[in-house]
Amino acid sequence: MGAERGSCAAQLAGWDRHGNQPPPPLPGEVVAHTRVRCTEAYRLLTGLPWD
């Protein structure tokens, strides 16, 4: 299901993921949310803060 969803999202964005063009930039809110999730996962797995 993940590959199908990614393909659909790429088509909606007008981007051919099998082509030679780079992907469109991610929105800042997506980057910020991903950063928060990743740093929290690091903290939970290691017990250390991300510096």
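Of the 51 residues of the chain, 2% count as buried, where buried means under 20% relative accessible area, exposed means over 50%, and partly exposed lies in between (1.4 Å probe, protein chains only). The structure is a predicted model, in which local features need pLDDT of at least 70 and side-chain atom pairs count only at pLDDT 80 or more, while totals for chains, interfaces and linings use all residues. Residues are numbered from 1 along each chain as its sequence is written, and side-chain values use heavy atoms, with hydrogens and water left out.

The accessible surface of the chain comes to about 4800 Å², and carbon and sulfur atoms account for 60% of this surface. Accessible areas come from the Shrake-Rupley method with a 1.4 Å probe; for residues, only the protein chains shown count as cover.

The chain has two helices and zero strands; helices (H or I, at least four residues) and strands (E, at least two) are DSSP runs, numbered from the N terminus. Helix H2 covers residues 28-46. From its first C-alpha to its last, H2, with 19 residues, reaches 27 Å, close to the 27 Å expected at 1.5 Å a residue. The expected span is 1.5 Å times one less than the number of residues. Just after H2, Gly 47 takes a positive phi of about 80°.

Side chains of opposite charge can pair when their charged atoms come close. A salt bridge is a side-chain nitrogen of Lys or Arg within 4 Å of a carboxyl oxygen of Asp or Glu, and the count comes to one. Its partners are Arg 43 and Glu 40, with the closest N and O atoms 2.6 Å apart. Both residues lie in H2, three residues apart, about one turn of the helix. Arg 43 is partly exposed at 38% relative accessible area, and Glu 40 is partly exposed at 34%.

A search of the whole structure finds one aromatic pair. The ring centres of Tyr 42 and Trp 50 are 4.9 Å apart and the planes stand at 85°, so the pair is edge-to-face. Rings of Phe, Tyr and Trp (its six-membered ring) pair if their centres lie within 6.5 Å; planes under 30 degrees apart count as stacked, over 60 as edge-to-face and the rest as tilted. Tyr 42 is partly exposed, with a relative accessible area of 30%, whereas Trp 50 is exposed at 56%.

Leu 26, Val 30 and Val 31 form a nonpolar patch on the surface, with about 240 Å² of accessible area together. Patches are made of residues with over 30% relative accessible area and no salt bridge, like charges being joined within 9 Å and nonpolar side chains (Val, Leu, Ile, Met, Phe, Trp, Tyr) within 5 Å. Val 31 is in H2 and is partly exposed at 34% relative accessible area.
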